[in-house]
Amino acid sequence: MPSARSTMLHGTLEALILKTLAWGPRHGYAIARWIEDTTDNAIQPEEGSLYPALYRMEKRGWIEAEWGVSELGRRAKNYRLTPGGRRHLRTETARWEVFHAAVSKILLAT
Amino acid sequence: MPRFPRFFWLPSGGFHAHRPDGFIVPLINRFGRGLRSIWRPSIHDEVEQDLGFHVEMRVRDLVKAGMTPEMARAEAIRRFGNIEEVKAECRGIGMRREREMRIKQWWNDWRQDLRHTRRQLLGRPGFAAAIVVTIGIGVGASTTIFSAVDSVLLRPLPFAEQDRVVSLWQTGDQDGSDHSPVSPANYLDWRDRNQSFSALAEAEPWSMDLTGQGDPEVLPTWAVTRHFFKALGVDPILGRTFVPEEFEEGNDRVVVLSHKYWQRRFGGNPRLVGSTLMMDDEAFLVAGVMPPDFEFPPGRPVWRPRIIGEHDNEMRGRNWLRVVGRLSPQVSLDEAQADMDRVASLLADEYPATNRNTGVLLEPITETIVGRARAPLYVLFAAAGLLLLIACTNVAGLLLARGSKRERELALRAALGAGRERLMRQLITEGVVLGVLGGIVGVGLALAGTGFLGALGASELPRVEHLQLDARVLSFAAILSVLTVLLFGLGPAIHFSRPDLRSYLNESGRGSTEGSTSQRIRGILVAGQIALTLVLLAGAGLLSRSFLSLTQVEPGFEPHGRVAVSLHVWDKNPTQEERIDFFGSLRSQVRGLPGVQSAAASSVVPFGRSSIETDGAYQIVGRPPASPGDEPLAYFTEATPMYFETMGIPVREGRSFSEADNRAEAFPVLVVSESLAAREWPETSPLGAQIDISEPGDEPMLGEIVGVVGDVRPTGFDSAPRAEIFIPHGMFGSGSMTFVARTEADPATLVEQIKQEVWKLHPTQAVYSGDRVELLMSESLQSRRFVLYLISVFAVLSVVLSAVGVYALVSFSTQQRTGEIGVRKALGADTRRILGMVMRNSLLLAGLGIAAGLAAAIGLGRFLDSMLYGVEAADPLTLAAVVLLVGVFSAIATLVPASRAARIDPAVALRAE
């Protein structure tokens, strides 16, 4: 299976992050790992895009930070979904469904 | 994590869960903001830690998967691409986020403050209205007067480099004035001998008859010499001023108009420039129109060229010209003054007969134009300032009283964590909102005030036509109103933003006695307010008394039912006989009008508008001649028969002029004023004495005194009676006369009827002015009335404001003592005793205020000196009346709340406790 890393769309990464955080607050590494693990490494968010995306989303108010203590015993910045982020996730999910259905209709046409 | 303990106390997300209404909201928010701002590391550390943590975790997992730690770290970092770039990008976004958050936070806080303020103010509308109206009055009054000060005194004149332009006056006249006009010969010598002026010019008052434009009209004109406009440094807005050729005989029929006159008379028609107007029956070219705010010397809207006559250098004794000059570059006013002093002393040596005592006074042009208005405006500005201060103390008092009531609320908020800065901010927001509302009311009042001022002061204040509420004045009002509240609201704000938690939360919180600081502030406010009011009242009182004593001055004639119509008939009646006939015919025609009891004419009438006055030397026949330059002076007035009778001027001795005296060939007789008779003949009667009224050195011109008439106030109630010599009109037959008539009918109608009679004689004869004499007298009081009106309005407002203020402060303090009074009553104190107790303190403060105000009033009185007439600045009667008034109103303002306090039912008071 080809890696989707390089072709991943901007908005898609954000939607994935939001979805990840829908299960509960976690820090950046956990987000990356969760995405990698859940997609069986099909999608490996690039750190260079992941963090700017996190900061951007925080600025937009979709997620917010809280500082906690990690399993390593050091201070970690945990990201948590805000109500605004949750709304955005719903919108993005709906849009993805439409997009996915449309693309499928073409690509899978027989 | 000892540095960030709070984080662990609070359930995450709890602070957004619900938003209770009321003032709790800002408190909660305060916590919320605290969480974010206190334990969030700086954005730099945040990114370092955030990404660093990611790297650590990745390394751990990679090591677990079998890599060496070094390889794992390299791989973890490699995955970031350029990690420094990523960090920088994150920091950039983070910084923008912080900034947005700060703005949002500030905005939210502010909106909360505003919401809270609205609740506060609407909850106590009376309190809010009192403050807003108080600020409005103070700001409105100050802004109104400031707008006048600004437009009259502060705005630059329309002259280029106005500080180089000066007026030149002659000093050393016998009448003691040091602002006398200049004689033609002196002007020529000044012009030729000075080393200080780049341009010097003279202006001669001149009248021209404008015809062919409706009713004939007398046009007061300045005939100006060549460098006049250059000296002033002013350019026309339309057309041009005079060119050198126009100062040659025959080419001088050209005029320049003032903007105001051009607008009023010709509707601002631009085509007028270049066309001609009929003046004195000749066609004058309209060369140009001057800029809107230029009318100098004041009072005459038209300029024409003045050709220096061949006799100008012989006329040194009579002085009637206005002189202006522009200082040469590098020459200071003092240097120019010294230069002119030198010229004056040369002239004194050369012409001792006329110039022995003559000096020169240089005066900055601004002083010439607005100098007269300065004292009244400053007095009014000071009065408005006092009113504003009273308003400020009122605001402070109200906020203080209000603050005390809110102390519990503020203490509660403080207990819930609102910091002092947050509480201050709330109080300041309330202050600013009140200030802005007050400012709006103030600007509204100032709008009305400037309209009133413009109407009232139009004839009294130079440049008042520019009066307007422009950006400058409005910003003055804005700054004033916000400053008022901030300065006087900040005290209470500082005081109450530091509430004493224990006393309010440990106890029930109600009815604790007033703190000593608050008590002291209250005392200062009461006393200060009373003192300020007293000063303002004293000023108003002194001006009122001046006004009263002025109006009680006997003018020396009877104004009622008299009219005065001024005419210059020279052109239509070139010979002496024609002029004598003209006024003779006019007299008999007007006497025939219904209701007219008598009619006469005189070259000068008291309080009259036409101010062509002639003074000169005289010599009593049979007495040793005075040394040259020391001849006694008198004013010469030509009068027809019946003049004294028509004006109601009493004949003290001898007789007045008869019809037989009024012929050119009649035996020359004279009538003198009481002042002159008393000066020259203190013991004996002047009747039968001969006076030589010729100029010194000229052919003698004798007349015999046949009568003495009562003195009159010549130019106003405050003008001193003067030595006057009346000459029968038939002797010289002046063409510049004021026609007077006495009627039983309506004088206003008579003015119109007289004009018609004039036009029957000469259809194109212009009439200079026509007024009821009573109106002329009333107008002479206009500037005093103007100041008096305004200061009285301020004084009344100040009494109202400070009565309300004292009342509020005393009520507040008695309310604070409700509990104490209840206890005292319960223990047997009777009403009167309580009353005494409450009032003693307040009256003591009032007494202090009165003493301080009295001292200030006496100290400040001398600034009023120039505006007082017939009363001392420290007039005991006025001061006593003012003290009484202030005493009474403070007693009432104290008594009402005190008696209410004294009637408190102890049971109620104690239950409330």
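Reader: How many helices and strands does chain A have?
Author: This is a predicted model, in which local features need pLDDT of at least 70, side-chain atom pairs count only at pLDDT 80 or more, and totals for chains, interfaces and linings use all residues. Residues are numbered from 1 along each chain as its sequence is written, while chains are lettered from A and ligands numbered from 1 in the order in which they are written. Helices (H or I, at least four residues) and strands (E, at least two) are DSSP runs, numbered from the N terminus. On that basis chain A has 4 helices and 3 strands.

Reader: What is the strand order in the open sheet of chain A?
Author: Strands pair if DSSP finds at least two bridges between them. Strand 2 of chain A is joined to strand 3 (residues 75–81) of chain A by 7 bridges, and within this pair Ala65(A) lies opposite Tyr79(A). The pairing in the sheet is antiparallel, and the order of its 3 strands is 1-3-2.

Reader: Why is one side of strand 1 and of strand 2 of chain A left without a neighbour in the sheet?
Author: Strand 1 (26–27) and strand 2 (63–69) of chain A each have a single partner strand. One side of each is left without a neighbour because both stand at the edges.

Reader: Which helix of chain B gives the most to the side that touches chain A?
Author: Residues are in contact if their C-beta atoms, placed from the backbone, lie within 7 Å. The contact takes 23 residues from chain B and 19 residues from chain A. Two or more residues on the chain B side come from each of helix 3 (43–64) and helix 5 (83–123) of chain B. The most, 9 residues, come from helix 3 of chain B.

Reader: Where in chain B is confidence lowest?
Author: pLDDT is the predictor's confidence in each residue, from 0 to 100, and chain B averages 84. pLDDT stays under 50 over residues 1–38 of chain B, and also over residues 505–512 of chain B. Where pLDDT is low, the predicted coordinates should not be read in detail. In chain B, the lowest mean, 34, belongs to helix 1 (residues 5–9) of chain B.

Reader: What ipTM does the predictor give the complex?
Author: The predictor gives two scores for the complex. The pTM is 0.74, and the ipTM is 0.88.

Key: Two residues are in contact if their C-beta atoms, placed from the backbone, lie within 7 Å.
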